[in-house]
Amino acid sequence: MIQSRDQLRAKHALEKIELFQNQKKPIILTDKDIKSAVSGLPAMIHMNGLGHAFAFYLSDIKNFPARAALVDAVFDWLKNHSGVFQSLEDLNSLTPLKAITHSDLQTYQIAQQEAQAYLLWLKKFARALLTANDDKGD
């Protein structure tokens, strides 16, 4: 079966949102926190760039675990499914911040565009599927 790149983005984004929905303890991500993080990241990338946005979202993961989960989802897409970072060495040990700092300008710009396109789907699915306002697991 042949699928467009946009369909592949949508499929991956839906899988991640469903994973957030079905998460188990110890880390509890509320639907509200996930939707908030998903809503804010595209604008932050647009205004500050992918590297700054990732660094900010990873700066306080103890208090904002939804942000870290979102960076993980976006980076999983970029690293393992989009092919953006395939040219970088040590792909298996690559982290979001290493990928940003070790890539050339063209790869960085492509990663930024691909992240934005992916986040469109993640944001749509978060709005559609994450409807609870309370912590899960209560």
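Student: Let's start with charges. How many salt bridges does a search of the whole structure find?

Tutor: The search gives 4 salt bridges for the whole structure, and since the model is a predicted one, every distance I quote is computed from its coordinates.

Student: Which residue does arginine 5 form a salt bridge with?

Tutor: Arginine 5 pairs with glutamate 114, and the closest N and O atoms of the two are 3.2 Å apart. Because arginine 5 belongs to helix H1 (residues 5-21) and glutamate 114 to helix H6, this pair ties together parts that are 109 residues apart in sequence.

Student: Are those two residues buried or exposed?

Tutor: They fall into separate classes: arginine 5 is partly exposed, with a relative accessible area of 39%, whereas glutamate 114 has a relative accessible area of 6%. Buried means under 20%, so glutamate 114 counts as buried.

Student: What else does glutamate 114 meet in a salt bridge?

Tutor: The side chain of glutamate 114 also meets that of arginine 9, at 2.6 Å from N to O. Glutamate 114 lies in helix H6 and arginine 9 in helix H1, so this pair ties together parts that are 105 residues apart in sequence. Both partners are buried here, arginine 9 having a relative accessible area of 11%.

Student: And where does aspartate 6 come in?

Tutor: Aspartate 6 forms a salt bridge with arginine 9, with an N to O distance of 3.1 Å. Both residues lie in helix H1, 3 residues apart, which is about one turn of the helix. Aspartate 6 counts as partly exposed, at 34% relative accessibility.

Student: Switching to packing, how do the axes of H1 and H4 cross?

Tutor: The two axes come within 11 Å of each other and cross at roughly 145°, and the crossing of H1 past H4 is right-handed.

Student: Which residues meet there?

Tutor: From H1 the residues are Arg5, Leu8, Arg9, His12, Lys16 and Phe20, and they meet Ala69, Leu70, Ala73, Asp76, Trp77 and His81 in H4. The residues of this contact divide into 6 nonpolar, 2 polar and 4 charged.

Student: What about H3 and H4, at what angle do they pack?

Tutor: Helix H3 (residues 50-57) and helix H4 (residues 65-81) pack at about 140°, with their axes 9 Å apart. That angle makes H3 oblique to H4.

Student: Which residues make that contact, and how do they divide?

Tutor: H3 contributes Leu50, Phe54, Phe56 and Tyr57, while H4 contributes Arg67, Ala68, Leu70, Val71, Val74 and Leu78. They divide into 9 nonpolar, no polar and 1 charged.

Student: Last one, threonine 107. Where is it found, and is it buried or exposed?

Tutor: Threonine 107 is found in helix H6 (residues 105-129). Its relative accessible area is 10%, so threonine 107 counts as buried.

Student: What is threonine 107 in contact with, leaving aside its neighbours within four places in sequence?

Tutor: With those neighbours left aside, threonine 107 is in contact with Val84 and Phe85.

Definitions and conventions:
Residues are numbered from 1 along each chain as its sequence is written. This is a predicted model: local features need pLDDT of at least 70, side-chain atom pairs count only at pLDDT 80 or more; totals for chains, interfaces and linings use all residues. Side-chain values use heavy atoms; hydrogens and water are left out. Axes are lines fitted to C-alpha atoms, for helices over the stretch in contact, and angles run from 0 to 180 degrees between N-to-C directions. Helices (H or I, at least four residues) and strands (E, at least two) are DSSP runs, numbered from the N terminus. Angles under 35 degrees count as roughly parallel, over 145 as roughly antiparallel, 65 to 115 as roughly perpendicular and the rest as oblique. Contact means heavy atoms within 4.5 Å. Ala, Val, Leu, Ile, Met, Phe, Trp, Tyr, Cys and Pro count as nonpolar, Asp, Glu, Lys and Arg as charged, and the others, Gly among them, as polar. Buried means under 20% relative accessible area, exposed over 50%, partly exposed in between (1.4 Å probe, protein chains only). A crossing is left-handed if the near helix is turned anticlockwise from the far one by less than a right angle, and right-handed if clockwise.
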